[in-house]
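My notebook is open, and I want to look up a few things in this structure.

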Amino acid sequence: MSKFIVRGGNVLAGNVKVSGAKNSVLPIIAASLLGEEGISVIRDAPPLDDVMTINKVLESLGATVTYDREVITVNAQHIASCEAPYEWVRKMRASFLVMGPLLTRTGFTRISLPGGCAIGTRPIDQHLKGFEAMGAEINLGQGFIEAKSQGRLRGAKIYLDVASVGATENIMMAATLAEGTTVIENAAKEPEIVDLANYLNGMGAKVRGAGTGVIRIEGVEKLHGCEHTVIPDRIEAGTFMIAAAVTGGNVFVEGAIADHLGPVISKLEEMGVTVEIQENGVRVIACKPLKAVDVKTLPYPGFPTDMQSQMMALLLVSQGTSVITETVFENRFMHVDQFRLMNAEIKVEGRSAIVTGESKLSGAKVCATDLRAGAALIIAGLAADGTTEVSGTHHIDRGYVHLAEKLSGLGADIWRIAIDEKQTSQEAEKVLVTVKEEMPALKIQPSWA
Ligand SMILES: CC(=O)N[C@H]1[C@@H](OP(=O)(O)OP(=O)(O)OC[C@H]2O[C@@H](n3ccc(=O)[nH]c3=O)[C@H](O)[C@@H]2O)O[C@H](CO)[C@@H](O)[C@@H]1O
Ligand SMILES: C=C(OP(=O)(O)O)C(=O)O
């Protein structure tokens, strides 16, 4: 167990490099299962817990996976099992993405019901509707789902009731080896869908229209491994942009692709932040005070739900009242209670949160309720008076590479400490007091500096 300790008040400045996108690399690793010949080489694969988890899922299915310095190789020529074990699938929702590749390649798969961040009920009906339309028979067991097909899947026209990222990816992968053409209507348009389509096409698939609402996949007989570089993580980039803004800082976010961050950049500009788009990244220059804005989360190209909690942290210290409306997930305001522990004034009414600006945030002991909530609490900690202790770090490790080191490299006072579960609370308090006193001296050099 560990905790992040953040002491607020420092202005962030400097250069921070964005890692490869978690939400791209996970479906891409799952898609590697389609490669009956050759080996896939996936570059810029971030060293995240989620990446390790999906690698374990692939290994449990018989693939050989190596991971070295952000390069993953997958040899999936031999598939030994079509059942993804509960042990790994429960940890992460994206493990369900092996269903499409396994079903289309082998005609059978059994997967435990997926876990992941508790931000809503997160049904998988659209994935299953797609597989059924392609001729698969679906059986729901206790805690698992089985899908089988007689011979190859058949291409079909599938209209998604919601533009689900995961369903678009799963169906797109299943369609690559189906007989005939599949058309996905109301498909998700996220950059990660385009990245996956590019990878599949590198493997020999025929996917057209990714990034638009209609994707056409002409099935082929066989796919092979290929080389691919994962796109930069737009959510990590957005998180650093907001961290810079909350401190009134000047930060160059290297690798950030402005085209992927349209609504985040627009909202920051509306608030009074200067955003300079450069060839290899985005510079954020903020002078306090910032203006309040209203934000509504939507599927891409709308404002991303994965940036909602970080934006809430920024709006807490801006001038005026803001309304944040969450339309993608029905239970993604769990961080509100944690912000309240830091003296924030937020009222939740249905799907909207009314955020009172100019909060005098004060450091507190808080807990990350999900991955992005964890990042948001750290951002709030950067702006708060005193010291904030963020527990629940396992959520943060799912999606952020070296977050403390990267923020520390920009000048933040942030430290990660190990918590010994056997320690009494008094002993733990003593350790914390020492860390807080020694923090300036302890500040670590980032490994890439
Ligand atoms: C690993 C990954 O890429 N995760 C991202 C992905 O999650 P994920 O792919 O799970 O998200 P979806 O796009 O599928 O979910 C969007 C909405 O559709 C609903 N839905 C989804 C599938 C389905 O069969 N039926 C259904 O009703 C969900 O409950 C949710 O309300 O997109 C989300 C929305 O941008 C992001 O927050 C997650 O970070
Ligand atoms: C919700 C997220 O991830 P997942 O879909 O893997 O739970 C996220 O990345 O914010």
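Here are my entries.

Before anything else, I note that this is a predicted model, where local features need pLDDT of at least 70, side-chain atom pairs count only at pLDDT 80 or more, and totals for chains, interfaces and linings use all residues. Residues are numbered from 1 along each chain as its sequence is written, while chains are lettered from A and ligands numbered from 1 in the order in which they are written.

**Domains.** I looked up the domain assignment and got domain 1 (2-19 + 232-442) and domain 2 (22-229); such bounds come from an automatic or database assignment. Their centres, taken over C-alpha atoms, are 31 Å apart.

**Ligand 1.** Which residues come nearest to ligand 1? I found Asn23, Gln126, Ser164, Val165 and Gly166, out of 21 around it (near means a C-beta atom, placed from the backbone, within 6 Å). Both domain 1 and domain 2 give residues to this shell, so ligand 1 lies between them.

**Tyr300 and Pro301.** I spotted a cis peptide bond joining these two, with omega about 10°.

Arg69 is not a glycine, yet its phi is positive, about 45°. How exposed is Arg69? It counts as exposed because it has 7 C-beta neighbours inside 10 Å. His402, also not a glycine, has a positive phi of about 45° too, but with 16 C-beta neighbours inside 10 Å it counts as partly exposed. My cut-offs, with C-beta atoms placed from the backbone: 20 or more others within 10 Å is buried, 12 or fewer is exposed, and in between is partly exposed.
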